[in-house]
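This report is a first look at the structure shown below.

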Amino acid sequence: MKMEAFTVENVPLIKAGDDIASIICQNAEIRDKDIIIIASTIVAKAEGRVFRLDDIVAGDEACRIAQEHQADPRFIQAVLDRSRDILIESPIFLVETNNGHVCIKAGIDTSNVDKGFLVDLPTDPDASAADMGKRIEDITGRKISVIITDTNGRAFKIGQTGVAVGLYHIHPIKNWKGEKDLFGNILQITEESVADEIAGAANLLMGEGDGGYPVVILRGLELRSDDKSSVKEMYRDNSQDIIRKGLFSLRHA
Ligand code: GDP
Ligand code: MN
Ligand code: MN
């Protein structure tokens, strides 16, 4: 078996209003079933989700949390504005974004953006992935999938990896339940998070710094689905989530 992954060259610094789909199509030859992986940071930039810290007014809660972190209260205010729940306030600031993604500081970055500015996650990354995917399909006539990624930490382990935050025409979970292992045992539990695995692989080529490679194409996997797909398929139901329950009891003890 074989798959290949390569970066798209010549992507400029992205500004509000840029047409990322057409930039990709100008700089890469797209084939059917290609999976196009796009860093959320450029999607957010194209959607105008870049804000000046000086334009943000921090409220009392932001000032209090900022003190615990020795952070800029305006940055913390931006995180609060984009979050519907706080899971851990300190020493890490772990929130659930208004769109349901659990991550540190609502995924807001101050890297790879002008000094004094911050860049959000896209407001609705599934919708962004769908817009981008449909436009790439219109331009090229190919049937493709899109994964929008961000870099996230994990509980229990040091180190961040790429994860999927928005999807177009690819289901994030491959269900192995009911399939046989090498010894004929029926698999009972395994659900493989293919979207996060692909995001991690693409992130190896993107890097985190000044590489300038926000788009990766992965070729060779049979994962395109005609169904509507969403990252929400990956989120564990709150009632099944013992980690979340544990964090809740800690916060409300
Ligand atoms: P995130 O993981 O979505 O938060 O994005 P990163 O800030 O880690 O950037 C991922 C990759 O995209 C790195 O190779 C960056 O250098 C690159 N990158 C970020 N913004 C831009 C941009 O506007 N244009 C280009 N060409 N590359 C960018
Ligand atoms: Mn990021
Ligand atoms: Mn990154």
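## A pair of strands

Which residue in E8 is the bridge partner of isoleucine 35? The partner is serine 145. The model examined here is predicted.

Strands E2 and E8 are part of an open sheet of five strands. The order across this sheet is E1-E12-E2-E8-E9, and the pairing is mixed. The edges are formed by E1 (4-7) and E9 (157-168); each has a single partner strand, so one side of each is left without a neighbour in the sheet. On average, and with direction ignored, neighbouring strands are turned by 30° against each other.

Helix H6, residues 194-206, packs on this sheet. The helix touches E1, E2, E8, E9 and E12 (215-219), and its direction makes about 110° with that of E9.

## Nonpolar cores

In soluble globular proteins, nonpolar side chains tend to be buried together. In this model, the largest nonpolar core holds 27 residues. The members that touch the most others are Ile20, Ile24, Ile36, Ile38, Met132, Ile136 and Val215. Two or more residues come from each of the helices H1 (20-27), H2 (40-46) and H5 (125-140), and from each of the strands E2, E8, E9 and E12. H1 supplies the largest share, five residues.

Isoleucine 20 shows how such contacts reach along the chain. With its neighbours within four places in sequence left aside, isoleucine 20 is in contact with Ile14, Ile42, Val43, Ala46 and Met132. There is also a second, separate core, which has 16 residues, among them Leu53, Leu80, Ala106 and Leu118.

Threonine 151 lies in strand E8, while glutamate 208 lies in the loop between H6 and E12, so the pair ties together parts that are 57 residues apart in sequence. Threonine 151 has a relative accessibility of 23% and therefore counts as partly exposed. Glutamate 208, at 46% relative accessibility, also counts as partly exposed.

Technical notes: Residues numbered from 1 in each chain as written. Chains lettered and ligands numbered in written order. Predicted model: local features only at pLDDT ≥ 70, side-chain atom pairs only at ≥ 80, totals over all residues. Heavy atoms only, no water. Pairing = 2+ DSSP bridges. Helix = DSSP H or I, 4+ residues; strand = E, 2+ residues; numbered from the N terminus. Axes fitted to C-alpha atoms, helices over the stretch in contact; angles between N-to-C directions. Contact = heavy atoms within 4.5 Å. Core = buried A, V, L, I, M, F, W, Y, C linked by side-chain atoms within 4.5 Å. Buried < 20%, exposed > 50% of the residue type's maximum accessible area, 1.4 Å probe, protein only.
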